[in-house]
Amino acid sequence: MRRYASRIFGWGSSFGRLDFHWVNLHWMKHNCKNSSFLSKSSNTQAIIKDYSNSFQSKTYASSCAKMLEDPSKDNPVSDMLVDSFGRMHTYLRISLTERCNLRCQYCMPADGVELTPNPQILSADEIIRLANLFVSSGVNKIRLTGGEPTIRKDIEEICLQLSNLEGLKTLTMTTNGITLARKLSKLKECGLNSVNISLDTLVRAKFEFMTRRKGHERVMESINTAIDLGCNPVKVNCVVIRGFNDDEICNFVELTREKPINVRFIEFMPFDGNVWNVKKLVPYSEMVDRVAQQFKGIQRLQDHPTDTAKNFRLDGHQGTVSFITSMTENFCAGCNRLRLLADGNFKVCLFGPSEVSLRDPLRNGINDEGLKEIIGAAVKRKKAAHAGMFDIAKTANRPMIHIGG
């Protein structure tokens with residue numbers, strides 16, 4: 001492990017140490033002293049204050065009206081993708097498979113999950129037809145997820161066909177990195193623009209405990225391969241769980257010192273079977289406070305209105321760090337994401353239980369206009385925001401491996 005770790009970190013020490021919109025800013029400024037989820041640290045308060053002073057006047061970050069004023073001129077967004085709150089959905093996440101070569105504890109129960117039979121999984125042709133329908137209607141970014149998307153045998157052909165869709169600007173993928181190192185070069189040739197690699201610990205033994213499998217070195221190798229192949233930044237997703245890997249936050253930040261890596265710390269989220277507990281949640285405010293205490297010159301970056309992450313740069317670091325705050329500070333006001341599941345179900349909110357099948361009408365011979373009606377009706381039913389974390393924890397929803405990471 002040290003061989004790969006030293007390449008990533010660029011130094012030789014061991015791993016012994018173990019709604020970005022103005023309404024949320026207003027809430028943070030006036031409630032941080034009373035909230036059990038927000039740190040009282042002066043460092044954190046200073047960061048929040050600096051961000052508030054710099055960005056509060058720029059209310060475009062929460063303005064759906066502003067978002068509607070700036071549709072892509074070469075790929076206008078159709079009414080099908082606009083919900084009742086004026087949010088334009090130009091980002092489609094497509095799960096290619098429910099199968100995975102890891103068994104991450106926050107993704108599936110210990111006894112596994114019942115997988116959808118292969119004949120009920122969308123074929124490559126069905127994926128391309130549906131993707132083309134979305135892109136021709138205004139979607140300009142597609143992310144491939146799973147399961148583990150790289151284990152699908154036709155992944156290269158799918159990437160090639162998707163990348164050739166007129167109007168698509170970004171084709172990216174979230175992967176666990178186990179097989180990525182040997183496949184990435186070809187995938188880039190087929191049009192893949194960037195990757196997010198999931199890695200929740202820098203310690204091999206903890207990796208095997210969390211994923212119930214071996215492969216830590218292969219993930220580290222994939223991160224290096226992505227850097228070598230020019231991915232900039234290489235995004236590394238880390239789900240932070242108290243008592244498991246929260247002691248590694250600053251070690252992860254070190255990844256960004258010498259390498260073009262964007263480490264994305266994700267608040268632990270509840271899904272069926274992952275035994276979520278609020279005591280395991282490390283809130284954004286606590287994470288950023290730990291970073292601010294350890295590193296000098298942490299600066300909030302200007303986020304895009306539809307960003308899911310709060311992004312920061314540190315003095316002297318080539319890469320960046322980000323925080324995805326779904327539980328303590330939702331970003332629903334700027335949400336532009338839709339999900340197509342591997343079994344063909346369409347989902348407008350990650351935390352909402354509602355789904356509608358696109359596979360069944362597709363296989364029953366429906367035309368594109370009929371599909372657009374189904375999609376548009378589902379988008380119009382999307383709520384203004386998802387429920388709070390305690391309500392989410394009590395709401396029936398599928399395991400993450402079914403939904404797509």
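R212 is partly exposed, with a relative accessible area of 28%; buried means under 20% relative accessible area, exposed over 50%, and partly exposed in between (1.4 Å probe, protein chains only). R212 sits in the loop between helix 8 (204-211) and helix 9, and its phi is near 60°, a positive value in a residue other than glycine. This is a predicted model, in which local features need pLDDT of at least 70 and side-chain atom pairs count only at pLDDT 80 or more, while totals for chains, interfaces and linings use all residues. Residues are numbered from 1 along each chain as its sequence is written, and side-chain values use heavy atoms, with hydrogens and water left out. Helices (H or I, at least four residues) and strands (E, at least two) are DSSP runs, numbered from the N terminus.

**Helix 7 and its surroundings**

- The buried residues of helix 7 are L180, K183, L184 and L187.
- Seen down the axis, these buried residues fall within an arc of 120°, so they line one face of helix 7; the arc is that of the directions from the helix axis to the C-beta atoms.
- R182 and E189, on the other side of helix 7, are exposed.
- The cover over the buried residues of helix 7 includes helix 6, strand 3, strand 4 (194-198) and helix 9.
- After helix 7 comes G191, whose phi is positive, near 110°.

**Helix 7 against helix 9**

- Helix 7 (residues 180-189) packs with helix 9 (residues 216-228) at an angle of about 25°, and their axes are 8 Å apart.
- That angle makes helix 7 roughly parallel to helix 9 (angles under 35 degrees count as roughly parallel, over 145 as roughly antiparallel, 65 to 115 as roughly perpendicular and the rest as oblique).
- Axes are lines fitted to C-alpha atoms, for helices over the stretch in contact, and angles run from 0 to 180 degrees between N-to-C directions.
- L180, A181 and L184 of helix 7 meet E221, S222, T225 and A226 of helix 9, where contact means heavy atoms within 4.5 Å.
- By class, this contact between helix 7 and helix 9 has four nonpolar, two polar and one charged residues (Ala, Val, Leu, Ile, Met, Phe, Trp, Tyr, Cys and Pro count as nonpolar, Asp, Glu, Lys and Arg as charged, and the others, Gly among them, as polar).

**Helix 6**

- In helix 6 (residues 155-163), I155, I158, C159 and L162 are buried.
- They cover an arc of only 100° around the axis, which puts them on the same side of helix 6.
- These buried residues of helix 6 pack against helix 5 (124-136), strand 2 (141-145), strand 3 (170-175) and helix 7.

**Helix 10 against helix 11**

- Helix 10 (residues 249-258) and helix 11 (residues 284-294) have axes 10 Å apart and pack at an angle of about 65°.
- The crossing of helix 10 and helix 11 is right-handed.
- I249, C250 and V253 of helix 10 are in contact with M287, R290, V291 and Q294 of helix 11.
- By class, five nonpolar, one polar and one charged residues make up the contact of helix 10 with helix 11.

**Cis peptide bonds**

- G146 and G147 are joined by a cis peptide bond with omega of about 25°, and G147 lies in the loop between strand 2 and helix 6.
- N232 and P233 are joined by a cis peptide bond with omega of about 0°, and P233 lies in the loop between helix 9 and strand 5 (234-240).

Definitions and conventions: A crossing is left-handed if the near helix is turned anticlockwise from the far one by less than a right angle, and right-handed if clockwise.
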